[in-house]
Amino acid sequence: TKQMLSGNHYYMTYKAPKNGNNLLIKVSFGANEVSYQPVLGEMQMTQANYMVEGKRLYMFADSFSSDGAYSTLDEHRKDHFLVSSWMDTKKLNTLRYYYKLNDAKKYLGVDVSTGLSEVLQEGNFDEFFLEEDDY
């Protein structure tokens, strides 16, 4: 839903076949646009517009077309959700969108960050610096 996306960020992972390049992309959703920032792998940071129509998520550069590719939410899991991309009736791929950076890194077999470096990447400053009594 739009509420699930707007104002949130997720860590999209692509686990490549043998000898391929894995991708880890920070995906940030605004009110109507989404930006992609690479964390691992090569991809130029891009921005696109998005809209949710029914159970489909459409991303587009300039103008919306319901004939274009779209994504669907397949499944919620404890630490991530699965999203499939489609063109007409053909499934293009299924990607994992993690809530936390370290969970995405673990899935890809990458060393995880701890302490301040994780906080800086995640942006969880209040949780890191405030003690439980401060909440």
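Rings of Phe, Tyr and Trp (its six-membered ring) pair if their centres lie within 6.5 Å; planes under 30 degrees apart count as stacked, over 60 as edge-to-face and the rest as tilted. By that rule the structure holds 8 aromatic pairs.

This is a predicted model, in which local features need pLDDT of at least 70 and side-chain atom pairs count only at pLDDT 80 or more, while totals for chains, interfaces and linings use all residues. Residues are numbered from 1 along each chain as its sequence is written, and side-chain values use heavy atoms, with hydrogens and water left out.

**The whole chain**

Colour the chain by secondary structure. Helices (H or I, at least four residues) and strands (E, at least two) are DSSP runs, numbered from the N terminus. The protein chain has 4 helices and 8 strands, in the order α-β-β-β-β-β-β-β-β-α-α-α from the N terminus on.

Next, show the surface. Accessible areas come from the Shrake-Rupley method with a 1.4 Å probe; for residues, only the protein chains shown count as cover. The protein chain has an accessible surface of about 8,900 Å², and 48% of this belongs to carbon and sulfur atoms. Buried means under 20% relative accessible area, exposed over 50%, and partly exposed in between (1.4 Å probe, protein chains only). Of the 135 residues of the protein chain, 30% are buried.

**Aromatic rings**

Select phenylalanine 81 and tyrosine 97. Their rings form a stacked pair, 5.5 Å centre to centre with 10° between the planes. The pair links distant parts of the chain: phenylalanine 81 is in strand β7 (residues 80–87) and tyrosine 97 in strand β8 (residues 90–98), 16 residues apart. Both phenylalanine 81 and tyrosine 97 are buried.

Now go to tyrosine 98 and tyrosine 107. Why is this pair tilted? The ring centres are 5.9 Å apart and the planes are at 35°, so the pair of tyrosine 98 and tyrosine 107 counts as tilted. Tyrosine 98 is buried at 2% relative accessibility, whereas tyrosine 107 is partly exposed at 23%.

**Charges over rings**

A charge sits over a ring if NZ of Lys or CZ of Arg is within 6 Å of the ring centre and within 35 degrees of the ring normal. Select lysine 15: its charged end sits over the ring of tyrosine 107, 4.6 Å from the centre. For another case, select arginine 56, which lies over the face of tyrosine 70 at 3.9 Å from the ring centre.

**Nonpolar cores**

A nonpolar core is a set of buried Ala, Val, Leu, Ile, Met, Phe, Trp, Tyr and Cys residues joined through side-chain atoms within 4.5 Å. The largest one has 16 residues, and Tyr10, Val27, Phe29, Val34 and Tyr97 have the most contacts inside it. At least two residues of this core come from each of α1 (2–5), β1 (9–14), β2 (23–29), β3 (33–40), β4 (46–53), β7 and β8. The largest share, 3 residues, is that of β2.

Centre the view on valine 34. Contact means heavy atoms within 4.5 Å. Apart from neighbours within four places in sequence, valine 34 is in contact with Val27, Ser28, Phe29, Thr46, Gln47, Ala48, Tyr50 and Met59.

A second, separate core has 6 residues, including Tyr11, Tyr98, Leu101 and Ala104.

**Serine 85**

Select serine 85 in strand β7. Is serine 85 buried or exposed? With a relative accessible area of 18%, serine 85 is buried. Its side chain is joined to that of serine 71 by a polar contact of 3.5 Å; such a contact is a pair of N or O atoms within 3.5 Å, where within protein one must be able to donate a hydrogen and the other to accept it, and residues adjacent in sequence count only if both atoms are side-chain atoms.

**Loops**

Most residues other than glycine have a negative phi. Asparagine 19, in the loop between β1 and β2, has a positive phi of about 65° although it is not a glycine. Asparagine 19 is exposed, at 80% relative accessibility. Aspartate 88 lies in the loop between β7 and β8 and has a positive phi of about 60°. Aspartate 88 is exposed too, with a relative accessible area of 56%.

End at alanine 31, in the loop between β2 and β3.
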